[in-house]
Amino acid sequence: MGNTQRAKDDRLLAWTVLVLVTVGLIVVYDASFPVSGFWQIIKQSGWAVVGLLAYMVGRRLSLIALYRGIPWIALLTLLLMLATRYSPWGVQRNGAFRWLKIAQIGPVEITLQPAEFGKIVLVVLLARLLCHKNLVSACKPFKEYRLPWVLAFLSILAAAGVVVGVQRDLGTALVFVGIGVAMLFTAGLPFRSVMMLTAMLAIAGVALIFHEPYRWQRVVAFTQPFAYMNTSGYQLAHSLMGIGSGGIWGTGFGLGRAKEFLPAAETDFVFTTIAEETGVLGSTAVIVLLALVLWRILLIAYRTEAMFPLLLVGGIGTMIALQSLLNLYVVTGSVPTTGVPLPFISYGGSSLVSLLFSIGLVQKVSCNPMMERVKEASYARVAGRRGDRGASVSRREYRRGVA
């Protein structure tokens, strides 16, 4: 290993995520039991186990292999997103085409939501496109070539366009666009260009709202939720009543009433149950835990010395931050209602597995001592020292996924 010292996982990040997942399982059981009995918590517990395996895969995955294979992974993910509508395995729910049916076990239907995996795939793809020429390029503004900028912009448009046009999911499209704009800015896109791009995308978003009548109805209900309590403002009105009845201390675990009125209370509006039954103290604790996760991720990104892992970790942090803020804004009536899960807590296997895989990648960057070896090998090739054994990565190290 030479003079490179082996670092350790970020234990505070790992324990915080574990606490959030545990809280999520408890709240999913509480919110879903009156309607679904034990089925939802059994399914979510199974997905949590799969997510733990995904975390270990992300922790061990070779960044070199990920760097090289991400274009094909992105193409496969795009096809899966299209298959939600144009294949016999696509599942339609409430007018949206977001799921693929992968199995049926008794009365339980196992589905997959490709767009949730598409978020992390977009992060990795943009990190590759915007990291200069190779995996270990230094952290500096990227302005030399136009083609990577164009390819990155087209990737963002393709991902968001498929989600909106095919799956009719504007909330996830907003997360895609937010991730893309933030990563373009991190890679060196001038602030003026970022603002122009944001304005163009905002105009497109307004046009999409007017294009679908139900989206415009949600905007109207957002301004007066209790006036439309029996129609388009139903979810928001009951969410606000639930949060308001929680007060400071909450009504007590299992004693909330909002979950009896909210459709699928364990999914996008799960925070309402937390706020109602645990009050300001419990809901604040969840927000603090999410902020702690973001702080550790951004700290790891700050300490990174190469552009690819910087963009990778920064993009994952942006993804979690956007989802958290958008979900909290929706349930508190700060923005019109749209479907975005609360990270690590809301019911949903695809979201939980993809998030835990992402945290595994962050840990990989945090404790990857061999990245220095890859940089040494890259510098040795540039300097023509191909025979320098001290500045090379062995095949055994590569197979172990150390880089």
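Q: What is the relative accessible area of E109, a partly exposed residue?
A: In this predicted model, local features need pLDDT of at least 70 and side-chain atom pairs count only at pLDDT 80 or more, while totals for chains, interfaces and linings use all residues. Residues are numbered from 1 along each chain as its sequence is written, and side-chain values use heavy atoms, with hydrogens and water left out. Buried means under 20% relative accessible area, exposed means over 50%, and partly exposed lies in between (1.4 Å probe, protein chains only). E109 counts as partly exposed because its relative accessible area is 24%.

Q: Which residue forms a salt bridge with E109?
A: A salt bridge is a side-chain nitrogen of Lys or Arg within 4 Å of a carboxyl oxygen of Asp or Glu. Here the closest N and O atoms are 2.9 Å apart, and the partner of E109 is R93.

Q: In which strands do R93 and E109 lie?
A: Strands (E, at least two residues) and helices (H or I, at least four) are DSSP runs, numbered from the N terminus. The pair links distant parts of the chain, 16 residues apart, with R93 in strand β1 and E109 in strand β3.

Q: How many bridges join strand β1 to strand β2?
A: Two strands pair if DSSP finds at least two bridges between them. Strands β1 (residues 90–93) and β2 (residues 96–105) run antiparallel, and V91 stands opposite W99 in β2. The number of bridges joining β1 to β2 is four.

Q: Which residue takes a positive phi in the hairpin of β2 and β3?
A: Five bridges join β2 to strand β3 (residues 108–112), and these strands run antiparallel. I105 stands opposite V108 in β3. The hairpin has two residues between the strands, and the one with a positive phi near 60° is G106.

Q: How many residues apart in sequence are the parts that K259 and D30 tie together?
A: The side chains of K259 and D30 meet in a salt bridge (2.6 Å, N to O). K259 lies in the loop between α9 (234–246) and α10 (270–303) and D30 in helix α1, so the distance in sequence between the joined parts is 229 residues.

Q: Which residues do salt bridges that share partners join into one network?
A: R257 and E260 form a salt bridge through their side chains (3.0 Å, N to O). The residues of the network are D30, K259 and E277.

Q: Which helix supplies the largest share of the nonpolar patch?
A: Patches are made of residues with over 30% relative accessible area and no salt bridge, with like charges joined within 9 Å and nonpolar side chains (Val, Leu, Ile, Met, Phe, Trp, Tyr) within 5 Å. The patch of about 720 Å² is made by I26, Y29, F33, F38, W39, I42 and F253. Helices α1 (11–36) and α2 (39–60) each supply at least two of its residues. The largest share, three residues, comes from α1.

Q: Which helix gives the largest share of the core?
A: A nonpolar core is a set of buried Ala, Val, Leu, Ile, Met, Phe, Trp, Tyr and Cys residues joined through side-chain atoms within 4.5 Å. The largest one has 94 residues, and L312, I316, I320 and F344 have the most contacts inside it. Its largest share, 14 residues, comes from residues 307–331, helix α11.

Note on methods. Accessible areas come from the Shrake-Rupley method with a 1.4 Å probe; for residues, only the protein chains shown count as cover.
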